[in-house]
Amino acid sequence: AASRDFYDKPYSSDPQSGNDDVYKESAERAALLEKTPKLVADFVDRYGLKNKKILEVGAGSGQLQDIVEDYTGLDISRSARRFFHKPFVEASATRMPFPDNTFDALWSFRVLEHIPNPEQALLEMRRVVKPNGYILLHVANDVDRYAAQGYRVRPYSDFDIWGKIKKATIPI
């Protein structure tokens, strides 16, 4: 629940704060700098996925939803839903609400490093992709080990006593 609340904040529209869609815009700039849309389009072309059933795990603002016809975006943030005109599912990557072998392919960019149990997310990804399906993963491998729990950005009130101690000692 704390993770879901944490990820709801960046995608919430708050014009009064003057920060409306700042997170969305910075994520989209980063994706363009890293050529993510081209990487996904090349992946789709290479494996003939244009008309296949695709899942994006950690879909964020849905920047990649129009690369294929049959797209579903999954994100833990309920506030991300406002960016989608294609199917959107609010759920955790570690407990996806899909039957086994639902998708022909899946992609996920800069998500695994934010998941406290990435092994479970990988098992779920494999479960929902059909046999002989395709999975494209990109991780931000230069993220410190505390990123998944959001220690640097979440307030102390989000953590139990041991979490507060970890947060307090990160600068050291």
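Guide: Accessible areas here come from the Shrake-Rupley method with a 1.4 Å probe. On that basis the protein chain of this predicted model has an accessible surface of about 9,900 Å², of which 52% belongs to carbon and sulfur atoms. Buried residues make up 41% of the 172 residues.

Turning to the aromatic side chains, a search of the whole structure finds seven aromatic pairs. One of them joins phenylalanine 84 and phenylalanine 88, whose ring centres lie 4.8 Å apart with 40 degrees between the planes. Planes under 30 degrees apart would count as stacked and those over 60 as edge-to-face, so an angle of 40 degrees makes this pair tilted. Both partners can also be classed by their accessibility: because buried means under 20% relative accessible area, phenylalanine 84 is buried at 12%, and phenylalanine 88 is likewise buried at 10%. These two phenylalanines belong to one aromatic cluster, which is formed by Tyr71, Phe84, Phe88 and Trp107. Another aromatic ring, that of tyrosine 156, has the charged end of lysine 167 sitting over it, 5.2 Å from the ring centre.

For the setting of these side chains, the protein chain contains five helices and five strands, which follow one another along the sequence in the pattern α-α-α-β-β-β-β-α-β-α. Among contacts with a separation of 6 or more, 57% are accounted for by residues 24 or more positions apart.

Leaving aside neighbours within four places in sequence, glutamate 124 is in contact with Ala93, Thr94, Arg95 and Met96. Leucine 137, by contrast, is placed in strand S5, residues 129–138, and is partly exposed, with a relative accessible area of 33%. Together with Leu122 and Ile135, Leu137 forms a nonpolar patch on the surface, and the three have about 210 Å² of accessible area together. Membership of such a patch requires over 30% relative accessible area, a cut-off that leucine 137 passes because its value is 33%.

Key:
Residues numbered from 1 in each chain as written. Predicted model: local features only at pLDDT ≥ 70, side-chain atom pairs only at ≥ 80, totals over all residues. Heavy atoms only, no water. Helix = DSSP H or I, 4+ residues; strand = E, 2+ residues; numbered from the N terminus. Buried < 20%, exposed > 50% of the residue type's maximum accessible area, 1.4 Å probe, protein only. Contact = heavy atoms within 4.5 Å. Phe/Tyr/Trp six-rings, centres within 6.5 Å; stacked < 30°, edge-to-face > 60°. Lys NZ or Arg CZ within 6 Å of the ring centre and 35° of its normal. Patch = residues over 30% accessible without salt bridge, like charges linked within 9 Å, V, L, I, M, F, W, Y side chains within 5 Å. Salt bridge = Lys/Arg side-chain N within 4 Å of Asp/Glu carboxyl O.
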